[in-house]
Amino acid sequence: MPPGGAMAAAGPAGGAELPAFFEYAAPRDWKAIDFISDLHLCEALPRTFDAWAAHLRHTPADAVFILGDLFEVWVGDDARTLPFERRCVEVLAEAASHRSLAFVAGNRDFLLGAAMRRVTGMMGLPDPTVLDAWGQRVLLSHGDELCLDDRPYQAFRAEVRSNTWQQQFLAKPLPQRLAVAAEIRRESGARRRFDGDASADIDAAAAVRWMHAMGAAELVHGHTHRPGSNALAPGFKRHVLSDWDLDQGRRAEVLRLTRSGFQRVAPAGTLSAG
């Protein structure tokens with residue numbers, strides 16, 4: 001359970017079983033919280049890495065919440081000793097010495113575990129988590145669990161999130177797991193298995209059930225790479241985070257929450273989207 005968090009179990013509502021959820025109360029003296037997701041960091045995206053590192057160094061926010069898919073693929077915490085991954089650890093650890101970092105697992109980095117959180121100083125948050133900040137209750141999720149229409153992906157997700165699958169995969173030698181990661185990058189079918197149908201969006205009715213049960217009027221999620229904000233139902237709004245790609249594209253955006261509400265801003269530092 002994350003520090004300052006409280007676990008509560010949600011029961012059936014609207015004919016559907018709701019997930020267990022956690023609450024995290026932001027310290028009262030915080031002024032701003034940044035949300036980012038879907039950076040897919042890897043050696044092939046050096047400009048994206050540089051923009052991310054610059055933002056973590058220079059953002060005025062008190063905290064940065066990373067809502068999944070920080071990495072293109074994460075094959076286990078022993079990978080943190082590899083050259084590129086070690087650079088990422090150094091950036092995260094340096095940032096965590098100045099501000100709070102929180103992490104919600106995505107479909108590409110759900111194997112990021114306690115060892116990685118410990119060396120980086122990131123706080124792990126379950127998916128979903130309710131953030132209570134300045135009297136505002138915001139539901140946080142990577143978003144893939146809510147893409148209910150993509151049934152093949154949901155079946156695959158259930159398989160790879162099981163303890164049995166993860167224990168068997170992590171028992172393989174690191175070079176073998178890295179070969180799997182390389183295949184995911186190279187082969188579109190493998191990517192689709194981990195990402196799901198690119199046309200799928202979250203199920204609005206399911207999201208509203210989550211929000212209603214958790215007393216949250218707003219949802220922040222990533223995964224779909226369709227940044228924007230819209231109403232899911234009267235009184236319930238969702239904010240979709242941007243993916244980042246400053247190597248093959250010019251996409252990078254931060255969603256910032258303050259006492260005044262949400263705003264979308266360019267990454268801080270010397271590099272920004274444009």
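Me: Why is the crossing of helix 1 and helix 2 called left-handed?
Reply: In this predicted model, the crossing of these two helices is left-handed, a term used when the near helix is turned anticlockwise from the far one by less than a right angle (clockwise would be right-handed). Helices are DSSP runs of H or I with at least four residues, strands are runs of E with at least two, and both are numbered from the N terminus. Residue numbers count from 1 along each chain as its sequence is written. Local features need pLDDT of at least 70 and side-chain atom pairs 80 or more, while totals for chains, interfaces and linings use all residues; side-chain values use heavy atoms, without hydrogens and water.

Me: What makes helix 1 and helix 2 roughly parallel to each other?
Reply: The axes of helix 1 (residues 46-58) and helix 2 (residues 83-96) cross at roughly 20 degrees and come within 9 Å. Axes are lines fitted to C-alpha atoms, for helices over the stretch in contact, with angles from 0 to 180 degrees between N-to-C directions. Under 35 degrees counts as roughly parallel, over 145 as roughly antiparallel, 65 to 115 as roughly perpendicular and the rest as oblique; helix 1 and helix 2 are therefore roughly parallel. Their contact (heavy atoms within 4.5 Å) includes Phe49 and Trp52 of helix 1 and Phe84 and Val91 of helix 2.

Me: How do you know that helix 6 and helix 7 are roughly perpendicular to each other?
Reply: The axes of helix 6 (residues 174-186) and helix 7 (residues 188-195) cross at roughly 100 degrees and come within 5 Å. Helix 6 and helix 7 are therefore roughly perpendicular. Among the residues in contact are Arg185 of helix 6 and Phe194 of helix 7. By class, this contact has three nonpolar, one polar and four charged residues (Ala, Val, Leu, Ile, Met, Phe, Trp, Tyr, Cys and Pro are nonpolar, Asp, Glu, Lys and Arg charged, and the others, Gly among them, polar).

Me: How do you know that strand 12 and strand 13 are joined?
Reply: Pairing requires at least two DSSP bridges, and five join strand 12 (residues 254-258) to strand 13 (residues 261-265), which run antiparallel. Arg256 stands opposite Gln263 in strand 13, and a hairpin connects strand 12 to strand 13 through two residues.

Me: What makes strand 6 and strand 13 edge strands?
Reply: Six strands form an open sheet in the order 6-5-4-3-12-13, with mixed pairing. Strand 6 (123-124) and strand 13 each pair on one side only.

Me: Which peptide bond is cis?
Reply: The bond joining Asp127 and Pro128 is cis, with omega about 5 degrees. Pro128 is found in the loop between strand 6 and strand 7 (129-133).
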